[in-house]
Amino acid sequence: MTFDEAVEKASDYQGYLRIAADEILPALDNYLTERQVEIVEDYGDRGRHYPFARNPDGSVRAIPISPAYISIENDRLVPNYILGWATVPLSFYQVRLICSVIADGILSLQDFQGSDGRVILLRRGRWEGIRDIETWSVSQYGDLSREEIDAQFQRYNRAVNYLMDEIRGGRL
């Protein structure tokens, strides 16, 4: 979608979402314009999820990992992810985990073989209404093995199951 289309769509937002859109859209547009990024118009696969466990009912527990957009750089497809949080209070390990999941779940696909992914952070700047852009290259941080990723999700899944049991038992 064009910048004008995005602004029009965001005009329906209210409250904090509208304020965030008013800050993020111009910053992202400047970023893309300055770098003359060529974006793939219709990649198609927008519903990709990373499965990591089973729910008690047997259904798959998964997180969405589809990129916000895909660019073409040096004749390669590059998945791009956007974090529009005002602050990004992630630990170094959490950054590694995010990038490792992207590497394992997206960069391992045939279309992205030999490519790198990018996470674009749009943190609230020092001055209100301004977003500072920082980027992470997935290959710089995505170095956890599949076994390390699985172990992290097993810990997470145990914690979720414990909390659900506590809630169902009326203890929380």
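What follows is a dialogue on how terms apply to this predicted model.

Student: What do the values rest on?
Tutor: In this predicted model, local features need pLDDT of at least 70 and side-chain atom pairs count only at pLDDT 80 or more, while totals for chains, interfaces and linings use all residues. Residues are numbered from 1 along each chain as its sequence is written, and side-chain values use heavy atoms, with hydrogens and water left out.

Student: Why are F52 and Y156 called an edge-to-face pair?
Tutor: Rings of Phe, Tyr and Trp (its six-membered ring) pair if their centres lie within 6.5 Å; planes under 30 degrees apart count as stacked, over 60 as edge-to-face, the rest as tilted. By this rule there are five aromatic pairs. F52 and Y156 lie 5.7 Å apart, centre to centre, with 65° between the planes, so the pair is edge-to-face. F52 sits in strand 2 (residues 49-54) and Y156 in helix 5 (residues 146-168), 104 residues apart. Here helices (H or I, at least four residues) and strands (E, at least two) are DSSP runs, numbered from the N terminus.

Student: Why is F52 called buried and Y156 partly exposed?
Tutor: Buried means under 20% relative accessible area, exposed over 50%, partly exposed in between (1.4 Å probe, protein chains only). F52 has 16%, so F52 is buried. Y156 has 43%, so Y156 is partly exposed.

Student: What do the buried residues of helix 5 pack against?
Tutor: Strand 2, strand 3 (60-64) and helix 3 (92-107). Contact means heavy atoms within 4.5 Å. The buried residues are I149, F153, N157, V160 and E166.

Student: What makes a set of residues a nonpolar core?
Tutor: The members are buried Ala, Val, Leu, Ile, Met, Phe, Trp, Tyr and Cys residues, joined through side-chain atoms within 4.5 Å. The largest such core here has 24 residues; V101, V119, W136 and I149 have the most contacts inside it. Helix 3 gives the largest share, seven residues.

Student: Why are strand 1 (38-39) and strand 7 (131-137) called edge strands?
Tutor: Two strands pair if DSSP finds at least two bridges between them. The open sheet of five strands has the order 1-4-5-6-7, with mixed pairing. Strand 1 and strand 7 each pair on one side only, so they are the edges. Seven bridges join strand 7 to strand 6, and the two run antiparallel.
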